[in-house]
Amino acid sequence: MPVKGDRAAAAALRELSRQVAVPLSATSRFALQPTLTQARANARALPLKEETGTLAASLTIKQKSGSSKLSPTTQVGPDSSVEKWTPFGFRRPVKYAHLVEFGTAPHYQPGRGVTHPGSAPHPFMAPAYFSTREQVVDRFGKKIGPEMEKRAAKLAAKAAKVK
């Protein structure tokens, strides 16, 4: 028995795959909003010596560079374009956010000629992730289904007009 419509079905699936980039990206950004909000709140509450608010202000949702459109990696983290002059000097949170999150071991600073005692970790991203991960998955699941159905309906209507 010959199979009919296989080429048309394959073409429709290829077209649908081209249509998923925008809803995937938008839905990922929507889903990660609670994590961003919690990470900013956590960063503002850190017991840091220098409280400029730059770290919290730099946090954003971004698509990881190099990730594909069909399989985007969206993340919450400091924006590399944020720079701020503070009373403590020029600050770029993308350069030090990981040091705040994980702390540092004692280390020699050759430019200053001293040994820094290190710093304790002050996690702000990991707690935000763990406290919102179920909410993120739920938000993504509720939003992506209707978005994909809309795209599929548009493609079906387009295919019906062609016939």
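This is a predicted model: local features need pLDDT of at least 70, side-chain atom pairs count only at pLDDT 80 or more; totals for chains, interfaces and linings use all residues.
Residues are numbered from 1 along each chain as its sequence is written; local features need pLDDT of at least 70 and side-chain atom pairs count only at pLDDT 80 or more, while totals for chains, interfaces and linings use all residues, and side-chain values use heavy atoms, with hydrogens and water left out.

Select helix H6, residues 125–162; helices (H or I, at least four residues) and strands (E, at least two) are DSSP runs, numbered from the N terminus. Centre the view on threonine 132, where H6 has a kink of about 55 degrees; the bend at a residue is the angle between axes fitted to the seven residues ending there and the seven starting there.

Next, colour the buried residues of H6: Met125, Ala128, Thr132, Val136, Ile144, Glu147 and Leu155. Buried means under 20% relative accessible area, exposed over 50% and partly exposed in between (1.4 Å probe, protein chains only). Among the elements covering these residues are helix H1 (6–19), strand E1 (59–63) and helix H5 (93–102), where contact means heavy atoms within 4.5 Å.

Now display tyrosine 129 and phenylalanine 130. A search of the whole structure finds one aromatic pair: these two rings, edge-to-face, at 4.9 Å centre to centre with 70 degrees between the planes. Rings of Phe, Tyr and Trp (its six-membered ring) pair if their centres lie within 6.5 Å; planes under 30 degrees apart count as stacked, over 60 as edge-to-face and the rest as tilted. Tyrosine 129 is partly exposed, because its relative accessibility is 44%.

Finally, select alanine 41 in helix H3. Alanine 12 is 29 residues away from alanine 41 in sequence and 45 Å away in space, C-alpha to C-alpha.
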